[in-house]
Amino acid sequence: MEDVSLHVLDIVQNSIAAEASRIVIFIQDRPEQDRLEIRICDNGKGMDPDQVKSVSDPFYTTRTTRRVGLGIPLLQASAEATGGYLKIRSEKGTGTVVQAVFHSKHIDCPPMGRMEDTMAVLICCNPDVQFHYSHIFSDRKFVLHSGEIQQKLGEISIAYPDVIMWIKDYIHSGLEEIYGGVGG
């Protein structure tokens, strides 16, 4: 994966495949602590302990559409390349938490990428899933909750093209603001 946003996209797709209706995406970027954390929590089907042990194997997947599952192994390799780590907690019937921690000052730490594009695609393609996206940079925070937006829209779908463009611009502006206008 070229950047963090693509890792997020891939891991969230796993949550959607696990039939999650609520997905929390938490990114905490603390350069002063040399730490970038990504945490994705869902209320999907969850996994048993044997499945959790197997998900870092690229030749293990629960999907029937292909024989490999590279998202978790690539995220783990990317985090470990910086001296970081990956942890997965899951419980059948409850959901899954994927946490990746990077040393943000390491030369192999991937750039943030375009989180606004990732979130816009996820919301547009999955309007029935509630996404709670929190992004912290140092002591500044940006939050977007798709369920609150849908509630304000009433009968207009959150996947309506003008709404998705607004969400994309809103996230872009919010991230510029927390990063002090220098981008993520």
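In the predicted model, helix 1 (residues 4–17) comprises 14 residues and spans 20 Å from its first C-alpha to its last, close to the 20 Å expected at 1.5 Å a residue (the expected span being 1.5 Å times one less than the number of residues; helices, H or I of at least four residues, and strands, E of at least two, are DSSP runs numbered from the N terminus). Residues are numbered from 1 along each chain as its sequence is written, and side-chain values use heavy atoms, without hydrogens and water. Local features need pLDDT of at least 70 and side-chain atom pairs count only at pLDDT 80 or more, whereas totals for chains, interfaces and linings use all residues.

Buried positions of helix 1 include Val4, His7, Val8, Ile11 and Ile16 (buried, under 20% relative accessible area; exposed, over 50%; partly exposed, in between; 1.4 Å probe, protein chains only). The buried residues of this helix pack against strand 1 (22–30), strand 2, helix 3, strand 4 (95–102), helix 4 (115–125) and strand 5 (130–137), with contact taken as heavy atoms within 4.5 Å. Just after helix 1, Glu19 adopts a positive phi of about 65°.

Asp48 lies in the loop between strand 2 (35–42) and helix 2 and is partly exposed, at a relative accessible area of 27%. A polar atom of the Asp48 side chain is 3.0 Å from the backbone nitrogen of Asp50. The C-alpha atoms of Asp48 and Lys92 are separated by 5.6 Å, although the two are 44 residues apart along the chain.

Leu70 is located in the loop between helix 2 (49–54) and helix 3 (71–81); its relative accessible area of 44% makes Leu70 partly exposed.

Definitions and conventions: A polar contact is a pair of N or O atoms within 3.5 Å; within protein, one must be able to donate a hydrogen and the other to accept it, and residues adjacent in sequence count only if both atoms are side-chain atoms.
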